[in-house]
Amino acid sequence: MPLKVAILGFGTVGASAARILSERNLPGLALTHVYNRNVARKRVDWLPSVIWTEDLDAVLASEADIIVELIGGLNPAHDSVRRALEAGKSVVTANKKLIALHGIELESIARESGGHLLYGAAVAGGIPVIPGLQHGLAGDNITRIEGILNGTSNFILSRMEHGAEYAEELAEAQRRGYAEADPTEDVDGFDARSKLVILARLALGANVSPDEINCQSIRQVGAIDFAYAKDLGCTIRPVARADVRNGNLVALVGPMLVPFNSPLAWSRGTENMVLMSGQYGGDVVFSGHGAGGNPTAVAVVSDLRAIAAGTAPRAVQIAPAAVTGEFELRHYIRFIVKDRPGIVAEIAGAMAAQGINIDSLFQRSGFGKDKLPFVVTTEPCVNSRLKLALARMQNADWQAEPPLDLQILEPEPSVVA
Ligand SMILES: NC(=O)c1ccc[n+]([C@@H]2O[C@H](COP(=O)([O-])OP(=O)(O)OC[C@H]3O[C@@H](n4cnc5c(N)ncnc54)[C@H](OP(=O)(O)O)[C@@H]3O)[C@@H](O)[C@H]2O)c1
């Protein structure tokens, strides 16, 4: 008998998943229910034999074997998934927020009740990063994750490379439907952080909460930063990265200078990219469409097929881990100053007081003296010390705008225990 599938949420991904199930007529799977609020306006003639309902309790009490949660957000998604698992059903979801915040609790219910909880679509949409980790890379010991996990911020930054400012490219992303009217989740790093939390669990065995990881926004990056980054052989990308040192998860999300020879520098537009470094297999790069109805629905249907084929992995229990953001990396600091003699000496003094060495200092010509951008790069230093140095300068009369501090991506950052 095919497994009965109920879809909760007939929106962008839900409709695409239903379309794939109906067009491909996959063995072992039968779509039986579609749940949505005000469901009458959602009915389509290409799904003649499903039950359309706005009664969630009835779906959860039905004979459906698998609940596909594609409502998004935390409510009623969390309650629905929990109840479905408690009833012994399996659940497939694309909901990164739900899995980042409640995945551990939900996986424990799934383990006890015998159902599966799969969320291959929750990270990087249609790119099989999660199945890749759970199957193809299961034999390796993954030591580092580095990725572009948010297509909207990658769209904005990769277009700013050609001289545009942030506001122009945000407006373009909104015009194309890539960015919400309130772009906070994407541009301030929270969406990427949820995905990094999920990857850190699966790849590094580190169980942490999203709010334990620092996020830096891309809003402060300007066109001038791309010009200076180019002088350093780099571009700027929204990066999420994590590794484990001395039992701690070292993780952060934010715009970073990425050397042109890094695969991350090659990703453009809404593309997502994830680089996994393994102790035995070395680096593996996944890239492709990280969002969109069809690519995301492919990941959802792949999870359904894994359950139907009996190849779905079982979640293992993971202990909570401590998190630090204390990478020791080179930094790019862009100041905008009202020019006067002595500024460089003050910066050097504040840095030296924290034991930080300046690596280079450079300035492009053609700017007025009242708003002069110039850049300092440091030798590898600990974030917290650099923050102290910058804090000491924050009230200086020569600062026309707060400085922008970006980390410079390097292959193997070291961390202070
Ligand atoms: N879209 C993507 O590219 C993408 C990529 C990766 C992951 N995801 C994840 O996939 C999930 C679904 O995203 P989506 O883009 O398909 O969202 P969406 O287009 O907004 O679809 C959500 C659907 O759920 C319905 N819904 C919302 N709240 C409801 C409630 N309280 N009760 C009943 N129905 C409700 C909505 O109905 P209304 O029409 O009435 O609003 C809509 O049909 C999210 O977790 C998202 O993060 C999406």
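## Where α3 meets α4

Ala77, His78, Val81, Arg82, Leu85 and Glu86 of α3 are in contact with Leu98, His102, Leu106, Ile109, Ala110 and Ser113 of α4. Sorted by class, the residues of this contact are seven nonpolar, three polar and two charged. Please keep in mind as you read on that the model is predicted.

How do the two helices lie? Helix α3 covers residues 77–86, and its axis comes within 9 Å of the axis of α4, with a crossing angle of roughly 15°. Angles under 35 degrees count as roughly parallel, and α3 and α4 are therefore roughly parallel to each other. Their crossing is right-handed.

The peptide bond that joins Asn75 to Pro76 is cis, and its omega is near 10°. Pro76 itself sits in the loop between β4 (66–69) and α3. For context, most peptide bonds are trans.

## From α4 across to α9

Which residues meet here? On the α4 side they are Lys96, Lys97, Ile99, Ala100 and Gly103, and on the α9 side Ser194, Lys195, Val197 and Ile198. This contact brings together four nonpolar, two polar and three charged residues.

## The surroundings of the ligand

How many residues surround the ligand? There are 22, and the closest are Gly9, Gly11, Gly72, Ala94 and Ala291. By class, the shell is made up of eight nonpolar, twelve polar and two charged residues.

Two helices, α1 (12–24) and α12 (293–309), each supply at least two residues of this shell. The largest share comes from α1, with three residues.

## How α1 and α12 pack

These two helices also touch one another. The axes of α1 and α12 come within 8 Å and cross at roughly 60°. The pair is therefore oblique, and the crossing of α1 and α12 is right-handed.

In α1, the residues of this contact are Thr12, Val13, Ala15, Ser16, Ala17, Ile20 and Leu21; in α12 they meet Gly293, Asn294, Thr296, Ala297, Val300 and Val301. Eight of the residues in this contact are nonpolar and five are polar, while no charged residues take part.

## A backbone detail at Asn38

You will find Asn38 in the loop between β2 (29–35) and β3 (51–53). As a rule, most residues other than glycine have a negative phi.

## The domains

Stepping back to the whole chain, the domain assignment gives domain 1 (3–118), domain 2 (129–288 + 319–324) and domain 3 (327–415). Note that domain 2 is listed with two segments, 129–288 and 319–324.

How far apart are the C-alpha centres of domain 1 and domain 2? They lie 29 Å apart. Where these domains touch, seven residues of domain 1 are in contact with six residues of domain 2. On the domain 1 side, the touching residues are four nonpolar, one polar and two charged.

Key. Residues are numbered from 1 along each chain as its sequence is written. This is a predicted model: local features need pLDDT of at least 70, side-chain atom pairs count only at pLDDT 80 or more; totals for chains, interfaces and linings use all residues. Domain bounds come from an automatic or database domain assignment. Two residues are in contact if their C-beta atoms, placed from the backbone, lie within 7 Å. Ala, Val, Leu, Ile, Met, Phe, Trp, Tyr, Cys and Pro count as nonpolar, Asp, Glu, Lys and Arg as charged, and the others, Gly among them, as polar. Helices (H or I, at least four residues) and strands (E, at least two) are DSSP runs, numbered from the N terminus. A residue is near a molecule or strand if its C-beta atom, placed from the backbone, lies within 6 Å of it. Axes are lines fitted to C-alpha atoms, for helices over the stretch in contact, and angles run from 0 to 180 degrees between N-to-C directions. Angles under 35 degrees count as roughly parallel, over 145 as roughly antiparallel, 65 to 115 as roughly perpendicular and the rest as oblique. A crossing is left-handed if the near helix is turned anticlockwise from the far one by less than a right angle, and right-handed if clockwise.
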